[in-house]
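The sequence and the structure are shown first, and the description follows.

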Amino acid sequence: MSAQKKSFRVAVTGCNGKVGRHAVDALLAAGHEVVGIDRTPADRNDIISIVADFTDYGQTFDALGSIGWDILGDTVDHAFDVVVHLAAIPHPRMYSNAETLKNNVTAGYNVFEACHRLGLRDIVLASSETVLGVPFDDSITYLPLDEDSPRRGRNAYGLSKLLNEQIAEEYTKNDPGLRVSALRLSYVQNVEEYAAYPGFADNLDERAWDLWSYIDGRDAGAAVEAALHYQPRGFETFLIVADDTVMPIPTPDIVKARFPDTALKTELGNRTALLSNEAAKKHLGFHPRHSWRDHVPNEN
């Protein structure tokens, strides 16, 4: 990570999405110039907004080459310092499996190809914990899971994220000057969603699918901003997850109940998450600041 943070001109795809809103907030707060690109106009007036469908290559290329606004606008190479690609169908079964895969992979390819042709060589990619095998089962070989865990796409959404990581990796192999930081976001949550969390206390099954992990939306936005400043070229992944689990019961008790024979890579504290964010802390300087416990009485 660079010693001193700089201000950048940043394109944010999917600016109207759950992560996109938080990412734009964090980027603006840090002093960056933000251009939001989505299928509908930005639902805010503090950024330049461009409407584009990323499954259409021509629209993708044009939007990522935009340097101006209105009659002063033009399309040129190197229009942005960093491209943050968040646009995607965000959950399984919102659409058919085939549509989810087609949309997310086509959009990812179009963004990488347009960036390649426009000379845009710094990309922050929204990936997902799902590339590690969500919904998780007892085939897990160790805990907490980390960036070295094998990739496995177990549904159309997870497979689309895995394939976008693979596309990114191949582009960086072909261009040694390209940098792609893939943020493997855990289940993104907003404050209003924390009201349901005490209900997990007596039901380990409800959130077992992602190993009882989550990330506050504000912290997801902060992770995007932190990733702008990562300098090493090539492809790298970072799990973006809260320090704690969604459960009010101790993590060692969860593991004893569900994964009693699974090897542990580190000693588990009472609230230790079972997806590790140590790489993001070490290399991006990312530290989650928000917990569901801050918004639920008697859970601090």
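The largest nonpolar core has 33 residues, and those with the most contacts inside it are Val12, Val84, Leu183, Leu228, Ile240 and Leu284. Two or more residues of this core come from each of β1 (9-13), α1 (18-29), β4 (82-85), β5 (122-128), β7 (179-185), α5 (217-227), β10 (234-240) and α7 (278-284). The most is given by α5, with five residues. A nonpolar core is a set of buried Ala, Val, Leu, Ile, Met, Phe, Trp, Tyr and Cys residues joined through side-chain atoms within 4.5 Å. Buried means under 20% relative accessible area and exposed over 50%, with partly exposed in between (1.4 Å probe, protein chains only). In soluble globular proteins, nonpolar side chains tend to be buried together.

The model is predicted: local features need pLDDT of at least 70 and side-chain atom pairs count only at pLDDT 80 or more, while totals for chains, interfaces and linings use all residues. Residues are numbered from 1 along each chain as its sequence is written, and side-chain values use heavy atoms, with hydrogens and water left out.

The protein has seven helices and eleven strands; helices (H or I, at least four residues) and strands (E, at least two) are DSSP runs numbered from the N terminus. Buried residues make up 54% of its 300 residues.

Leu183 touches, among others, Val124, Ala223, Phe238, Ile240 and Leu284, leaving aside residues up to four places away in sequence; contact means heavy atoms within 4.5 Å. Leu185 is placed in strand β7 and is buried, with a relative accessible area of 8%. With the same exclusion of residues up to four places away, the contacts of Leu185 include Val19, Ala126, Glu129, Ala220 and Ile240. Leu185 and Leu239 are 54 residues apart in sequence, yet 6.1 Å apart in space, C-alpha to C-alpha.

Some backbone features deserve attention. Most residues other than glycine have a negative phi, and most peptide bonds are trans.

| Residue | Phi | Relative accessible area |
|---|---|---|
| His78 | about 55° | 58%, exposed |
| Arg93 | about 70° | 60%, exposed |

His78 is found in the loop between α2 (57-63) and β4, and Arg93 in the loop between β4 and α3 (97-118). The peptide bond from Val134 to Pro135 is cis, with omega near 0°, and Pro135 lies in the loop between β5 and β6 (142-143). A cis bond also joins Leu143 to Pro144, with omega near -10°.
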